[in-house]
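Me: I would like to learn how to read a model of this kind, one feature at a time. Could you take me through it slowly, with the general idea before the particular case?

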There are 2 protein chains.
Amino acid sequence: MSEAESPAPSDRPVYQVEPWCVREPELRLDRLAQSESVFALSNGHLGLRGNLDEGEPHGLPGSYLNSFYELRPLPHAESAYGLPESGQTVINVTNGKLIRLLVDDEPLDVRYGRVHHHERVLDFQDGTLTRTVEWTSPADRRVKVTSERMVSLTQRAIAAICYDVEPVDQPIRVVVQSELVANEELPHLGKDPRVSATLESPLVSEENVANGTKVLLLHRTRNSGLRMAAGMSHHIEGPESLAVDTESSDDVGRLTVATRLEPGQRLRIVKYLAYGWSSQRSRPAMHDQVVGALAGARQTGWDGLLEEQRQYLDDFWCGADVEVDGDAEVQQAVRFGLFHILQAGARAERRMIPAKGLTGPGYDGHTFWDTETFVLPVLTFTQPDAAADALAWRHMTLPLARERATQLGLAGAAFPWRTIRGQECSGYWPAGTAAFHINSDISDAVVRYVDATEDIRFEREVGLEILVETARLWRGLGHHDVEGVFRIDGVTGPDEYSAVGDNNVYTNLMARRNLQEAAAMAMRHPDLAERLEVTTEEAASWRDAAAGMLIPYDERMEVHPQNEGFTNHARWDFAATKPEHYPLLLNYPYFDLYRKQVVKQADLVLALHLCGEAFTAEQKARNFEYYESLTVRDSSLSAQTQAVVAAEVGQLELAHDYLGETALLDLHDINGNTRDGLHIASMAGGWSGLVAGFGGMRAGGGRLRFAPRLPGGITRLAFRLRYRGNRVKVTVTAESAVYELLDGPGLELRHHGEEFMLADKPVELPIPQPTSGPPLSQPAGREPAPRRIDPHGGDARHRSR
Amino acid sequence: MSEAESPAPSDRPVYQVEPWCVREPELRLDRLAQSESVFALSNGHLGLRGNLDEGEPHGLPGSYLNSFYELRPLPHAESAYGLPESGQTVINVTNGKLIRLLVDDEPLDVRYGRVHHHERVLDFQDGTLTRTVEWTSPADRRVKVTSERMVSLTQRAIAAICYDVEPVDQPIRVVVQSELVANEELPHLGKDPRVSATLESPLVSEENVANGTKVLLLHRTRNSGLRMAAGMSHHIEGPESLAVDTESSDDVGRLTVATRLEPGQRLRIVKYLAYGWSSQRSRPAMHDQVVGALAGARQTGWDGLLEEQRQYLDDFWCGADVEVDGDAEVQQAVRFGLFHILQAGARAERRMIPAKGLTGPGYDGHTFWDTETFVLPVLTFTQPDAAADALAWRHMTLPLARERATQLGLAGAAFPWRTIRGQECSGYWPAGTAAFHINSDISDAVVRYVDATEDIRFEREVGLEILVETARLWRGLGHHDVEGVFRIDGVTGPDEYSAVGDNNVYTNLMARRNLQEAAAMAMRHPDLAERLEVTTEEAASWRDAAAGMLIPYDERMEVHPQNEGFTNHARWDFAATKPEHYPLLLNYPYFDLYRKQVVKQADLVLALHLCGEAFTAEQKARNFEYYESLTVRDSSLSAQTQAVVAAEVGQLELAHDYLGETALLDLHDINGNTRDGLHIASMAGGWSGLVAGFGGMRAGGGRLRFAPRLPGGITRLAFRLRYRGNRVKVTVTAESAVYELLDGPGLELRHHGEEFMLADKPVELPIPQPTSGPPLSQPAGREPAPRRIDPHGGDARHRSR
């Protein structure tokens, strides 16, 4: 169903609020595309949107393979040196989810006939999407269909569907067509630049085979020259009189099962799907790889796959779960977020984690800085191997990043602002190439991971080289002025409503850390440093640049300007800006946005979180207050940082409001674009707001620190973390925090600044009285929706704006 | 001939140095495209490149009608609010210059057979291009061809060619085909963004008529919906046995004359050409308009047209000529420049004056700020009506400029950075939309014209509204900071190697003047001001903003930063920049250029010239020295300003070098892109360098001021100016200046600060001793070519670098 045909969305809730699943109690055609994203299944390698089994109606059909992309030209009205001329776009690969059903020759289509019952449940513990439908065909045949779908977290190439059909009251003839379809027709997505470019028929057929219940389709992309294979194999249970047939052509593979079912009889088809792709491997090799994966999955069987999935997830939750009492929506959302972050990163294995995961084609399927800044912290403390893999992917792209730096006339490596395979794909350099902070965001993720895991092998094989090359970049990007101050001019910070400014505070602080950590890490590994040609002189020059780094401060306003001169600019006229003119970037020129004090997303405030050591407590409070009044949150990346810093400066209720906004972004489709895929960085928002915000968790230098404090609406918060071989559980109430070592050798922690050892025995420590700050104000109309306490229940409610 | 086929250019001079013409003594196939631009004829309405009569070989065929354009899409890799999605491109219209010759069935083509003699002369006094060829065909038939071509300055729609053929030694059969050809095939111009987009077959045929010796072709453009008509009519003289035939089809009109010529006999064909275009008028109206123009031209006759042309030019030179003794190249160049400026502006009549005039398709045929800043000053003091017309065109586009301001969320009017008809066509906003100074450049041209002419009617009908709307723009674009300082943030000044900076000194000074002059002009015309809804409060707010305008100054470096923070930036590493890496914009990303101290073209130095009153003499000298060391002159607009300011600060020899560079830019093809059309702003360079530079001419507030001083290489300089109904001649030698009133009521002048009345009697005043400044340095390898004194002659020579 294309946008134009969508029924007008209704305001009633789409999903039920439950702690361990997302349940859609009735089919909401007005929210179809959103639900396809919410119900997407993925293991980081293979992603299937939550399309209905029968394919139609759909919001947007989607099956994705991590890093399988096509090239498209990037046109420029006025070309210039260094602008990328070709972009990479994720493509919808062969759809293996399709299972069509004919009931007495009438296709099951929820738009026709009568739907008596339609429920879908995404289960965070089972890792499955279950659908139950009871439907009467226009010719009055009633049928019950149950389908359960999974993308295996244990068998990376595999997805599987268990599809059951039963007649309800009278005998029916059923035909089930299980399909593989390549080059599906996609709805046109309109002109919003944030939505993926639609590429028509990107796959060229190379081979198709049908054999028994098995079908295989091999394709390659036209321009990027990548090869993929998709295969399906089936296990069929039903009455004895089954007619089974398979066929294949260039773009379609089909298994057809026909039978007659009496009431009480059931047809069950287990469909095993396997996917693979490669830029190098031959057709026979790809063929065999997929056939092999199918054989493995069949050997495990449907029940076996379910069992493996459950075990994998049990293990994950046991080191990652977050419990929230008092705000059931946030409880659901934080687990929903953790589940999708795991899905995005679990088996990416040296591929990128895209901004939308594998849940939709938004942002062309690219990865940005948000993966390292928002997603990897969650994985680092819950599923550290996945964080290491994601950084190992960055390491693999170093040759391309070095090439890009050379092209830009810079030293070291310049990682791309947006990419799938490592090449810069940004078509607008002021908010792309100029946003050099991505380099320190990556190096900071390395430092964070190494600190949290003491993974020396990673430090030597992956970490050091990234740090060295980014330090080289910063050293060359900045310069000493006549007074010896080290300046980084003309770069863009996180806030995309400013660009190409001098001495962005966030960038300079992160670059300073990058330079310092690179020098320290090189000192720890002199042998490797020598191999990377790091001399003591070079390391000294990094320390020197870090020591001289300019951190601008506006003495008059007593705040840090986001970048030099920012606080002199005119304030945006918020009072005159109508609600429908947000997001501002769709209604005002960059020219106007860049020259005024208006902030799309936390920038200086992100520095308050990630570089807290550079600010006094008063500076944090004053800065936060100042930027609160300027920040419009037109980026989904903003609220979680505001939640964390609001909590730190004692604005606990405000922090709770922002927590709600970030955690519920996709479940409530707050930005209206969940259709294009989930905001994976916002999936981290619930965790960040709860753990870093109300838990006050900070890590670094081998120390985990906490400063827990709860808002009125949350009566209890408990979370689990992994740190240096320990699994720690922290349980917070209004009065105290209990620290518990679940396993591991024990460690020193800090609670509101006070050090203590955590070993066998839990430690309970009191929470100091909060000093609530002054009421803060946001730009007119941009206040977060309050999470009010329900006087009768205790549950917080989200009031949508 | 496409670029790929061009012979390698040789270094020997292409043109002879003569005071009143450009003579090409032999055909230089290696400079064909350059010569087509140099030899272009135009009256501002119709322009014909100097293509050979027979059409081939060519560098680039070109016939243009002012403001006749086609639309083309402006693609953006990432679209954004306010970016223009459609651009305007000048198109090559029906070619009426073609006259093909067959000699005993072999076509005259200089690439075959033998050329004994080939000379072309562009005469600045006659306003004609004359060509004489003596050629032997491959079959050994020798023929002499003389053609003379003009685009009439007196009959705006008309061009004419007088074409003579004579046998040299034996009888020949000749066939002459005089043609009109639409949709000529154009060579591909490569990827340089500064070169026009080639549009294939942009004209759709509407009508074609052949009748007697007359042929007419009517076409319209596909997307912009403009209609044009081109007609030709012939007068033929020759032997009695002439066979004449005409024919026409959609895209071709042809008159064929066949005869046999004995030695001593001659075939002469006078071809009258008429062009017209309209966005509104009907086909019959366009048809009749062109036929009428042809009838008028035939009535005047070839000799009559020549006579009118000569008179028109005599009148022009008599108020505009500049004489230079001691530097014959500059003497030729300054007249060449004045001639082409006259051609670009004379009969534009409420159409724009494009950056390339009508000499080539470069810059898509757009007009930019250079017209108002560099070209209109020359016209204001030599051909003031043409300056008034050009500004009246800007006035006509005010509704579009108001619309654009509204789109950008601004008050008043925002004139486009580049356009043909008034709509913004810039595809790169940081160097387009953000360069708001164009608005004050236009208003300054209004103020300059009114000051020079006291044209009250213009002030009331054109000037006031432009000033009011631009003042409104500035008032809204800037803001008062907490200390009451008026700031203009986030705009781009003239220098395109910086962008989107705060408080560009040039912009702020020009905006200040714009605000002041608007308030003053509104006060002079209270009736009109009321009609434009200018209240006394609004005018007061303009004065207030002007009074509070921030002009940043770097106390530490004792210079004015080009914009706030500029002098803190790293200096470009000039020593490491190879000569082949200029122009920098083709070899470095904007990102790198914007963040460093490197100047493409005079910006702060342009402020020293145009807003000299804002600087002390010492500040001028220090600023000039500082920016000299940073300015690479990758823009052809730079050298003339550097020449003027160098002269003012006493750097006379350096001024002479820059004068040579700007004046000879196209004659010597210094930038290698004269093929795409002449740099009309540089055509003003010779005049500016001599009159404003060595003459020290400044005007304003009803006063003409001079501070003449000559460099060693120029022994005498004389120039004529029109000012407030007076025609003044100034003759400068090393020792003194003589001021003469050629006609007019007389006026008060200033000579090196000293006031005197100039009436009937010439006044001779001594030149104070020059105080030569310290030697200045330019970026390594970017020194201007010195104009050395020839010890044996006295003529300066240009040494090309």
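**Reading the model, feature by feature**

Reply: Let us begin with a loop: Pro57(A) lies in the loop between β4 (46–48) and β5 (63–65) of chain A. Please keep in mind throughout that this is a predicted model. The peptide bond that joins Glu56(A) to Pro57(A) is cis, with an omega of about -5°.

Me: Which other residues does a cis peptide bond join in chain A, and where does the proline lie?

Reply: Tyr582(A) and Pro583(A) are also joined by a cis peptide bond, again with omega at about -5°. Pro583(A) is placed in the loop between β24 (570–571) and α12 (590–594) of chain A.

Me: What is the phi of Val500(A), and where is this residue placed?

Reply: Although Val500(A) is not a glycine, its phi is positive, at about 50°, and its place is in the loop between β23 (486–487) and α9 (505–524) of chain A.

Me: How should I read the interface, and how much area is buried between chain B and chain A?

Reply: The size of an interface is often given as the accessible area lost when the parts come together. Here about 4,000 Å² is buried between chain B and chain A, and carbon and sulfur atoms give 56% of that area. On the side of chain B, Tyr81(B), Phe591(B) and Arg595(B) lose the most area to chain A, together 18% of what that side buries. The contact takes 46 residues from chain B and 46 residues from chain A.

Me: How many salt bridges are there between chain B and chain A?

Reply: Side chains of opposite charge can pair when their charged atoms come close. Between chain B and chain A the count is four salt bridges, and Arg556(A) forms a salt bridge with Glu483(B), where the closest N and O atoms are 3.8 Å apart. The side of chain B that touches chain A divides into 24 nonpolar, 10 polar and 12 charged residues. Across this interface the rule also finds 20 residue pairs in polar contact, and helix α12 (residues 590–594) of chain B gives the largest share of the side of chain B that touches chain A, namely four residues.

Me: How many salt bridges does the rule count over all chains?

Reply: The count comes to 130 salt bridges over all chains. Among them is the pair of Asp53(B) and Arg131(B), whose closest N and O atoms are 2.8 Å apart. This pair links distant parts of the chain, 78 residues apart, with Asp53(B) in the loop between β4 (46–48) and β5 (63–65) of chain B and Arg131(B) in strand β11 (residues 128–136) of chain B.

Me: Finally, how much space lies in the largest cavity, and which residues are closest to its centre?

Reply: The largest cavity holds about 220 Å³ of space. It is lined by 17 residues, of which Gly427(A), Tyr428(A), His76(B), Gly427(B) and Tyr428(B) are the closest to its centre. By class, this lining has 11 nonpolar, four polar and two charged residues.

Note on methods. Residues are numbered from 1 along each chain as its sequence is written. Chains are lettered from A and ligands numbered from 1 in the order in which they are written. This is a predicted model: local features need pLDDT of at least 70, side-chain atom pairs count only at pLDDT 80 or more; totals for chains, interfaces and linings use all residues. Side-chain values use heavy atoms; hydrogens and water are left out. On a 1 Å grid over the protein atoms alone, a cavity is a set of points where a 1.4 Å probe fits but cannot get out, and a pocket is an open set with protein on both sides within 12 Å along at least five of seven lines; lining residues have an atom within 4 Å of a point. Grid points are joined across faces, edges and corners, and a volume is the space filled by probe spheres set on the points. Ala, Val, Leu, Ile, Met, Phe, Trp, Tyr, Cys and Pro count as nonpolar, Asp, Glu, Lys and Arg as charged, and the others, Gly among them, as polar. Contact means heavy atoms within 4.5 Å. Buried area is the accessible area (1.4 Å probe) that two parts lose on being put together, summed over both. A salt bridge is a side-chain nitrogen of Lys or Arg within 4 Å of a carboxyl oxygen of Asp or Glu. A polar contact is a pair of N or O atoms within 3.5 Å; within protein, one must be able to donate a hydrogen and the other to accept it, and residues adjacent in sequence count only if both atoms are side-chain atoms. Helices (H or I, at least four residues) and strands (E, at least two) are DSSP runs, numbered from the N terminus.
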